[in-house]
Amino acid sequence: MDAASTTASSMLIHSYSASRHSSSSFLKPSFCFAPSARTHNLRLAPATGGRRGRQHSDRREDNMARIVCRHAAPGQPALETEAPSAPETSQPFKILPGQAFPLGVSQLDNGINFAIFSQHATSVTLCVSFPTADQLDITWDGMIELALDPHSNRTGDIWHTFIEDFPRSNVFYGYRVDGPKGWHEGHRFDNSVVLIDPYAKLVEGRRYFGDVSNKMSKFLGTYNFDELPFDWGPNYKLPNIHEKDLVVYEMNIRAFTADDSSGLDSGMRGSYLGVIEKIPHLLELGINAVEFLPVFEYDEFEFQRRPNSRDHLINTWGYSTINFFAPMSRYASSGGGTLNSSREFKEMVKALHGAGIEVILDVVYNHTNEADDEHPYTTSFRGIDNKVYYMVNDGGQLLNFSGCGNTLNCNHPVVMELILDSLRHWVNEYHVDGFRFDLASVLCRGLDGSPLDAPPLIRAIAKDAALSRCKIISEPWDCGGLYLVGKFPNWDRWAEWNGKYRDDIRKFIKGDFGMKGSFATRVAGSADLYMVNKRKPYHSINFVIAHDGFTLYDLVSYNFKHNDANGEGGNDGSNDNFSWNCGYEGETEDGNINALRSRQMKNFHLALMISQGTPMMLMGDEYGHTRYGNNNSYGHDTAINYFLWEQLDSRKFHFRFFSEVIKFRQSHSVFKHENFLSKDDITWHEDNWENPQSKFLAFTLHSENGEDIYVAFNAHDYFVKTTVPRAPQNKSWFRVIDTNLEPPQDIVPDGVPGISATYNVAPYSSILLQAKS
């Protein structure tokens, strides 16, 4: 974090907390901390030398602390022994009150400062341990516990301490926090749990993704001030691609290379480094931005911590954040852990940027992993200060606008700064190019859950200097019914996932009646939604398919979701998919049905890539990936979600079509207008707008160089003979695309001449003609 953002953050939180309490000086020497009932195991006594330090005759004996550790389950008597793994130092640790900012762990002069916010806590205990080099599991056993004195270690609502000569790395840490027990007041304090620091920049847990032998692993914060700054290289530069030129590829880092067919070594599969190995595929496809499903630390075994109907699932999508600063540690190669995950994430970003590909993160600030009150999974915020971090009603019960049991209190000043600090961290430290905000309507709710017209957090993100170069994209709805497509508070900066685009394109292409006008509006840039103030067509993120819902293949192969494997009795996943199975539910050997499905997938892809706005496609659709009708496959760490690389070869013509259409879009500015279309930009060849039975639409996009583009979509189940308009002067029409033709004639980028005055457009097909000399 840069100094300016640290200062801004400090000023806001400090002013909030200082108005509630007052405390005296930072860094005033003190060697006596009031022991609490739970932290009697911190003893102040002369150090005994050995691994933890040599005695110095020039120091007063009462300045030396012999630290002991706890060997007991929470709530049981502690067996106290000297900490066996404390690092070797030249002197005992000297403990001082410390300072309130920055929050988290920071290196100050000759020691380490710890600072954590909790407004309602009555006691806070810092817990630390020193892992061995070969330690692969995280426990709370043997942690050294240091109770913070509320008089000398608290400034406003921030608890802090400074430990002189403390290790600069190889330390695990967390907090025990206690406070009022009144659930009816919104409190959920439980000092039997060692909690993750919300500002921990790195979080350590189990080392290997899906390691069932270690599924109950704990998670703790860590840090590394010994590592040299990452070398971005002398020729490194950010891609800085204009929004109108983006083609976004939504993908899951683990699933992209986890399958054996990726051809990568086992230690590389499913990792950040695995993505680097497959950059040539992304370039061949033609995309220039990746939108990663969540990469913040999460627990893939969260469903398996207690017996339930979903205890066979492994969370592979990651929409269950544990910490907002730490990269997912199990995406490191070969079980490398959190330090390697941080470095390898940067290596991945550097490689993608070097290839001209931007990195957008799907971020989840609407809820956390800590679930609900019936089955809580307390790891951090809930135990630190539930009433601040989460929305609660007047009876102290959690509000649930996320559908996941809790709702982050995003517009509370402290939570807002946490989110802003997190975003700045990912931009400054990891050089990411943008963010897509999951269930972003939650971020538009006040402290009581009511919608806000001008949400402070949304405005702050739009106006923040550190985020000014970033793409900021909302998913403009939530699970509480706050649907804001086209109405999301935006300050002319925010783009939106355009859910109306998805629905209208699906309905028209599959042949629904009365959809031609809506289809035309969507491909023309959704001016009905976004032509307000200074908003642009590219503020519409156009998509037909996303991670949740059917894949493109399943959209044309299933009328109904098939989610039995998810363990929720078929109650999960959307029922409104606007899909059509083309005559048979699921897999079939019928050649006619399969040909129609292939045609429909091409029609959808063409519609997406010729639309004004920013297109986004889903990983795997370039070869026709199927999840066999499962439209909510979040919990399957299997081939259902994996990218199946061998299918690229078996479906190479499908891939070729998708790739060439993307490249055709990229090379023709008529699809990428910065402003909304005028009558000089487009001609609609239509005099039948009011007829709901009409499912044919044709139009011409006019180019400044005369190389106009004519496009026609036929969603009827019969041929439509259409009149092709006269080509511009000294030009003639070339056929570039006809989705009814067999590969490779379905797309010929240079065009095929000889187009007559009429064209017979096949059922459920589309064509694209280009005027050329």
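Author: An open sheet is formed by 6 strands in the order β21-β22-β23-β28-β25-β26, and their pairing is antiparallel. Strands are DSSP runs of E with at least two residues, helices are runs of H or I with at least four residues, and both are numbered from the N terminus. Two strands pair if DSSP finds at least two bridges between them. From one strand to the next, the twist averages 20°; axes are lines fitted to C-alpha atoms, for helices over the stretch in contact, and angles run from 0 to 180 degrees between N-to-C directions.

The model is predicted: local features need pLDDT of at least 70, side-chain atom pairs count only at pLDDT 80 or more, and totals for chains, interfaces and linings use all residues. Residues are numbered from 1 along each chain as its sequence is written, and side-chain values use heavy atoms, with hydrogens and water left out.

Contact here means heavy atoms within 4.5 Å. A further helix, α15 (residues 652-666), lies across β23, β25 (732-738), β26 and β28 (765-772), and runs at about 50° to β26.

β6 and β10 (residues 169-178) pair in the antiparallel sense over 7 bridges, and Val128 has Tyr173 of β10 as its bridge partner. β6 also pairs with β7 (residues 144-147), again in the antiparallel sense, over 4 bridges; there the bridge partner of Cys127 is Glu145. In β6, 7 of the 7 residues are buried, so the strand is largely enclosed by the rest of the structure. Buried means under 20% relative accessible area, exposed over 50%, and partly exposed in between (1.4 Å probe, protein chains only). In a regular strand the side chains alternate between the two faces of the sheet. Both faces of β6 are covered, with Ser123, Thr125, Cys127 and Ser129 buried on one side and Val124, Leu126 and Val128 buried on the other.

To place these parts in their setting, the secondary structure of the protein chain comes to 15 helices and 28 strands. Buried residues make up 62% of the 773 residues in the protein chain. Among contacts in the protein chain with a separation of 6 or more, 74% are accounted for by residues 24 or more positions apart.
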